[in-house]
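Subject: Handing over the model

Dear colleague,

I am passing on the structure we spoke about, and below it I have set out what was found. Please read the notes with the structure open beside you.

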Amino acid sequence: MEGSTAGESMLVILVVLKVVSWKFPREIRNIGLRSAIRQLSQWKDRIVGFDIRRSSEKKDGQGEILMKYVLCSREGFKQPTILSIGADGSRGETRTEVIRRRTSNRVGCNARIVFKRVGSGGFVVFSLEERHNHCMCSEVSKTFLRVKRKLDLGHQIFIVKCAKANIGPIKSFKLYKEMVGDYSKIGATSVEFCNFRRDMMAYIETGDAHLVLAKYRQKKEVCPEMYFEYDVDEYDHLCRVFWADPEAKRNFARFGDAMSFDATYSTNRYSLVFVPFTGVDHHKKCITFAIGLISKEDVKSYAWLLENFKKCMGHVPQLTVTDQDPAMKSAVAQVFESTRHRFCM
């Protein structure tokens with residue numbers, strides 16, 4: 001196969017694995033082993049209907065691969081995990097117990113292909129077992145093959161956009177199904193959607209504060225009337241955030257005679273307390289004047305929020321209602337000098 005291309009080489013391999021009685025050329029040249037295995041996996045999944053997995057390999061002293069085994073994914077049998085437990089409940093040799101029983105699709109299939117290195121020019125097919133002891137996947141089941149369960153760039157962009165709209169991976173998967181028409185046309189399963197969302201959240205775990213600040217800076221550039229301030233602690237961690245959009249500022253200008261603010265009972269995953277500034281409009285409905293996030297419910301944090309509220313709105317409300325928190329009481333008296341401070345019941 002000196003003059004054959006990589007695609008032709010893998011097509012010949014595919015035909016043999018499909019158990020067609022054609023003569024198989026023994027030598028594979030002008031193609032890397034990793035590329036050969038990757039192309040082999042993609043071709044046989046789409047046409048034949050079975051998965052493969054790479055097994056053991058032999059290397060020389062320099063780490064070069066001498067022999068590589070590629071097996072059917074249903075080769076061998078799943079071995080249960082065994083835990084030895086003594087008579088007194090401790091680990092011993094008295095009796096054994098299966099930790100967890102799992103279903104497995106392995107049936108001891110012996111279909112395999114073995115590549116052997118020849119010099120530095122390429123690999124030869126050293127051994128080939130064509131026969132499977134199980135049926136191939138049907139057209140309906142081909143959706144769950146490994147090559148079909150990979151997210152391309154379009155899937156990833158769709159999941160990211162759904163995440164920005166606070167849409168979870170499962171609902172994103174169902175929305176994508178409505179777009180393409182059928183589950184078999186998605187090209188992935190809901191597990192891949194969930195795994196990508198998990199990996200995305202793990203990637204931004206250490207940079208989530210920077211993403212929040214960048215987002216509000218962008219909003220402030222688009223809308224100059226947007227008010228946004230933040231503060232960091234001695235460890236350069238985000239500890240205080242305050243923002244108010246133009247609509248909230250207009251609400252305060254119209255209905256800001258009385259204002260109430262309170263902190264949530266529990267914190268979120270970032271250990272930040274949510275502090276909304278609310279009022280009542282002429283329809284007796286609650287409206288939001290501003291939003292704050294603080295890491296500590298102390299006088300300094302509440303005073304920082306009220307200072308930014310005063311700076312944002314231009315004046316203080318005539319009446320401020322809070323609960324009987326001593327830190328709130330001290331902060332209101334310190335910043336809102338002219339307001340009437342009352343406790344809620």
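Contact, as the word is used in this message, means that heavy atoms lie within 4.5 Å. Please also keep in mind throughout that this is a predicted model.

S301 lies in helix α8, and its relative accessible area of 2% falls under the 20% limit, so S301 counts as buried. Two polar contacts of its side chain are worth looking at together: one of 2.6 Å joins the side chains of S301 and D298, and one of 3.4 Å joins the side chains of S301 and R240.

As for the chain as a whole, it has nine helices and 14 strands, and of its 345 residues 37% count as buried. Among contacts between residues at least 6 apart in sequence, 52% join residues that are at least 24 apart.

Helix α8, which spans residues 299-313, packs with two other helices, and I take these in turn. With helix α9 (residues 326-335) the angle is about 40°, and the axes are 8 Å apart; α8 and α9 are therefore oblique to each other, and their crossing is right-handed. On the α8 side the residues that meet α9 are V299, Y302, A303, L306, E307 and K310, while on the α9 side they are A327, M328, S330, A331, V332, Q334 and V335. By class, the residues of this contact divide into nine nonpolar, two polar and two charged.

How do the axes of α7 and α8 cross, and within what distance do they come? The axes of helix α7 (residues 246-255) and α8 cross at roughly 80° and come within 10 Å, and since an angle of 65 to 115 degrees counts as roughly perpendicular, α7 and α8 are described in that way. Here A248, K249 and F252 in α7 meet F309, C312 and M313 in α8, a contact with five nonpolar residues, no polar residues and one charged residue.

Turning to the strands, T320 is placed in strand β13 (residues 319-322), and T320 is buried, with a relative accessible area of 0%. The side chain of T320 makes a polar contact of 3.0 Å with the side chain of T339. Leaving aside its neighbours within four places in sequence, T320 is in contact with M259, F261, V332, F336, T339, R340, H341 and R342; of these, V332 is also one of the α9 residues that meet α8.

F115, in strand β6 (residues 112-118), is likewise buried, with a relative accessible area of 1%. F115 and M67 are 48 residues apart in sequence, yet their C-alpha atoms are 5.6 Å apart in space. For another pair, K161 and S172, the separation along the chain is 11 residues and that between the C-alpha atoms is 9.5 Å. K161 lies in helix α3 (residues 153-164) and counts as exposed, at 57% relative accessibility.

Most residues other than glycine have a negative phi. D236, which is not a glycine, has a positive phi of about 65°, and it lies in the loop between β8 (227-232) and β9 (238-244). K284, also a residue other than glycine, has a positive phi near 60°, and it is found in the loop between β11 (273-280) and β12 (286-294).

Are these two residues, D236 and K284, buried or exposed? D236 counts as exposed, at 60% relative accessibility, and K284 is exposed as well, with a relative accessible area of 75%.

Terms used
Residues numbered from 1 in each chain as written. Predicted model: local features only at pLDDT ≥ 70, side-chain atom pairs only at ≥ 80, totals over all residues. Heavy atoms only, no water. Helix = DSSP H or I, 4+ residues; strand = E, 2+ residues; numbered from the N terminus. Buried < 20%, exposed > 50% of the residue type's maximum accessible area, 1.4 Å probe, protein only. Polar contact = N/O pair within 3.5 Å; in protein donor to acceptor, adjacent residues only side chain to side chain. Axes fitted to C-alpha atoms, helices over the stretch in contact; angles between N-to-C directions. Parallel < 35°, antiparallel > 145°, perpendicular 65-115°, else oblique. Left-handed = near helix turned anticlockwise from the far one by under 90°. Nonpolar A, V, L, I, M, F, W, Y, C, P; charged D, E, K, R; others polar.
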